[in-house]
Amino acid sequence: MRGMSASVHLAMEQLKMNGVRMTPQRHAILSCLMDTKSHPTADEIYKALSPAYPSMSVATIYNNLRLFVEAGLVRELTYGDDSSRFDADMSDHYHVICKNCGRIVDFGHPPLHDVEKAASEETGFVVHGHRMEIYGLCASCHNE
Ligand SMILES: [Zn+2]
Ligand SMILES: [Zn+2]
């Protein structure tokens, strides 16, 4: 068994404080998300975990992901008709998305607070946040 990383341990403590019981399946889903930078869909998490947890259903994955999102441990990325992807990296970062293969790569740009400020000044809105995504072709798709 792999050693539990500090961030998974912290996340488990946070869930416990929210009154969420930690089960082996729940722990596996959380670890799977925290160990990857691939922003997987629920289906991809299911495929990764089903060999070790044959009784786990996609619905179980969805329910747990929803719970993690509500607890503020995971962020949900929605892209129109495509199924949601999930990101356990809650730090400020943007995403670069390949239009061909759908790969999502983290992009560590400082948050665009000046754009929010400009939007607020021009429209009178109280701004709560923004969403920015960069689209293109990843290196391997571009080189095909
Ligand atoms: Zn690509
Ligand atoms: Zn990300």
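Tutor: Domain bounds here come from an automatic or database domain assignment. This is a predicted model, where local features need pLDDT of at least 70, side-chain atom pairs count only at pLDDT 80 or more, and totals for chains, interfaces and linings use all residues. Residues are numbered from 1 along each chain as its sequence is written, while chains are lettered from A and ligands numbered from 1 in the order in which they are written.

Student: What does the domain assignment give for the chain?

Tutor: Domain 1 is 6-87 and domain 2 is 94-142. Their C-alpha centres lie 24 Å apart.

Student: What makes α3 oblique to α4?

Tutor: Helices are DSSP runs (H or I, at least four residues), numbered from the N terminus. Helix α3 (residues 42-49) packs against helix α4 (residues 58-70) at about 120 degrees, axes 9 Å apart. The axes are lines fitted to C-alpha atoms over the stretch in contact, with angles from 0 to 180 degrees between N-to-C directions. Under 35 degrees is roughly parallel, over 145 roughly antiparallel, 65 to 115 roughly perpendicular, and the rest oblique. That makes α3 oblique to α4.

Student: Which residues of α3 and α4 meet?

Tutor: Contact means C-beta atoms, placed from the backbone, within 7 Å. Ala42, Asp43, Ile45 and Tyr46 in α3 meet Val58, Ile61, Tyr62 and Leu65 in α4.

Student: How do you know that β3 and β4 pair?

Tutor: Strands (E, at least two residues) are DSSP runs too, and pairing takes at least two bridges. Strand β3 (residues 94-98) and β4 have four, in the antiparallel sense. In one of them, histidine 95 partners aspartate 106 of β4.

Student: Where do β4 and β5 stand in the sheet?

Tutor: The open sheet runs β4-β3-β5, with mixed pairing. β4 (104-107) and β5 (133-136) each have a single partner strand, so they stand at the edges.

Conventions. Contact = placed C-beta atoms within 7 Å.
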